[in-house]
Amino acid sequence: MPAPIRILTAVPICDGHDSAINTINLEFIRHGIEVVYLGFHRYVSDIVRAAIQEDVAAIGISSYNGGHIEFFADVVRHLKKLGASDIKVFGGGGGTITHDDAREMKRKGVDQIFFAGTPLTEMVAYVKKHYAKPRKARAKSNVDLTLARQLTEIEDAKGKVKNSKSKNSKRPKVIGFTGPGGAGKTTLIDELVLRFLKQDRQSRVAILSHDPSVVGEGALLGDRATMINSQDDRVFMRSMATRGQAGGLSPATESCLQLLAHSDFDYVIIETVGTGQEAMPFRNQLVDQTVLVMNPDYGARLQLQKIVMLDVADIVVVNKTDLDRAKAALSEIEHRLTQNKRDQQIVATVAKRHRDAGVDELFELITNSKSSVAAVSDRRNRKNRRSETAATSRKKS
Ligand code: B12
């Protein structure tokens, strides 16, 4: 079976019209295309960086803000400048793009514009006809272009590719994030990335992010749409579809990881798809540290006995602790971990909150020291006592 076509879609800066692209994405996926969706309100540089790292065949832009002639042309120009002019640019914007505009856009290097009233099947047929060709070798390349193409080769060979190890002796720390869908893994990773980038002005971070797909079918690779801080030249992110493998990762993850681990990164983060109770995605010493991200809404306490990752995770993050049930969840999970008698840590976070103290604590655990459940709960008790004291003195005054 040939490897799926991969494209990237996005909506330009100062444009929130994402309804059209959401519909088009779904149609592409239904027809076996893997779509990396970058989201709306995106800069040219973010789109081009993502397209290069994801090694897509084409970029589909949906533009309604009136700036399409300049924006599309800028994407083409930027791709060329970075040695990736083989990545094609196409798109639409309903009635906001006139036929005259489209002619000018094509003169500036845009591949195709779809006007209002075009059936979705026509767009799918176009993508299949024009973007399924094998990718040609590039005349000039740079680190990210080379790495991206190597990852594609590994992925398309289902991991059965020999990695050429680089001379790089530095080995990055590899951290695996897993947990149920909707627990906030991507947001948490994005907040951690911000801290990695701030901690050291030179370091680079790689992210391997997974989304589910069935063999021979398409996939919506949408984690980039949630990322803000990771839209940075010092972050190399690759979205992978599981291509039929159960358990949270893809058949090619291990080999891709080996390649990243021998490239010039300081940290490599792997995010699994949303996993179930039985999942134990990080075997064979695949990662240096495992983080299970949960939200407080896991149901009855008994459910905790069935979550295998609670036995093996190094760190358990209870995210969304601004929710009502958080306090009970934290104490139940803490109690569950104590039964394991292992040096596991528990951290409470609200990842959606910028500068969250819990995310700081997690960052510290990942980058520095290790501390036990007891130490972390000690810290939390001290913090609680401090806030209770502050509240009492506020009441008194
Ligand atoms: C729905 C809509 C909204 C919704 C958006 C919901 C959402 N989340 O997307 C809401 C109500 C929120 C909205 C808000 C606004 N809107 Co509005 N909106 C529209 C509307 C009615 C439809 C656009 C649409 O989704 N069409 C459905 C798609 C599937 O069909 P299509 O557009 O014909 O596209 C075809 C092809 O071009 C192709 N295509 C489109 N994109 C892509 C991408 C790829 C990769 C491919 C292959 C193909 C493709 O697919 C279709 C196939 O038939 C248009 C008017 C119109 N009738 O077009 C105005 C319109 C786009 N909006 C407009 C404006 C001004 C605004 C606001 C600024 C209004 C305001 N003052 O607040 C805000 C801005 C919002 C923002 N944050 O950007 C103007 C833009 C004018 C301009 N650029 O010159 C329009 C044209 C209305 C008008 N006539 O004035 N809007």
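**Close-up views of a predicted model**

The shell around the ligand comprises 9 nonpolar, 17 polar and 2 charged residues, where Ala, Val, Leu, Ile, Met, Phe, Trp, Tyr, Cys and Pro count as nonpolar, Asp, Glu, Lys and Arg as charged, and the others, Gly among them, as polar. The structure is a predicted model, in which local features require pLDDT of at least 70 and side-chain atom pairs count only at pLDDT 80 or more, whereas totals for chains, interfaces and linings use all residues. Residue numbers start from 1 along each chain as its sequence is written.

**View 1. Surroundings of the ligand.** The ligand is surrounded by 28 residues, the closest being Gly16, Ser19, Gly60, Gly92 and Gly94; a residue is near the ligand if its C-beta atom, placed from the backbone, lies within 6 Å of it. At least two residues of this shell come from each of α1 (19–30), β3 (58–62) and β4 (88–92). Helices (H or I, at least four residues) and strands (E, at least two) are DSSP runs, numbered from the N terminus. The most is given by α1, with 5 residues.

View 2. A residue is buried if 20 or more other C-beta atoms lie within 10 Å of its own, exposed if 12 or fewer, and partly exposed in between, with C-beta atoms placed from the backbone. In a regular strand the side chains alternate between the two faces of the sheet. Strand β1 (residues 6–10) runs parallel to β2 and is joined to it by 4 bridges; two strands pair if DSSP finds at least two bridges between them. Within this pair, Arg6 stands opposite Glu34. Strand β8 (residues 219–221) is also parallel to β2, through 3 bridges, and Ala219 of β8 stands opposite Glu34.

**View 3. The seven-stranded open sheet.** An open sheet of 7 strands has the order β9-β7-β10-β6-β11-β12-β13, with parallel pairing. Its edge strands, β9 (235–241) and β13 (345–348), each pair on one side only. Neighbouring strands of the sheet are turned by 20 degrees against each other on average, direction ignored; axes are lines fitted to C-alpha atoms, for helices over the stretch in contact, and angles run from 0 to 180 degrees between N-to-C directions.

**View 4. Strand β11 and its partners.** In β11 (residues 289–294), 5 of the 6 residues are buried. Strand β6 (residues 173–178) pairs with β11 in the parallel sense over 4 bridges. Here Ile175 stands opposite Gln289, and Gly176 stands opposite Thr290. The pairing of β11 with β12 is likewise parallel, over 4 bridges, and Leu292 has Val316 of β12 as its bridge partner.

**View 5. Helix α10 on the sheet.** Helix α10 (residues 326–340) lies across β12 (315–318) and β13, and runs at about 165 degrees to β12. Helix α11 (residues 357–367) packs on the sheet and touches β6, β11, β12 and β13, with its direction making about 150 degrees with that of β13.

**View 6. Gln112 in strand β5.** Gln112 belongs to strand β5 (residues 112–114). Gln112 is partly exposed because 18 other C-beta atoms lie within 10 Å. Leaving aside neighbours within four places in sequence, Gln112 is in contact with Phe90 and Tyr126; contact requires C-beta atoms, placed from the backbone, to lie within 7 Å.

How values were computed:
Contact = placed C-beta atoms within 7 Å.
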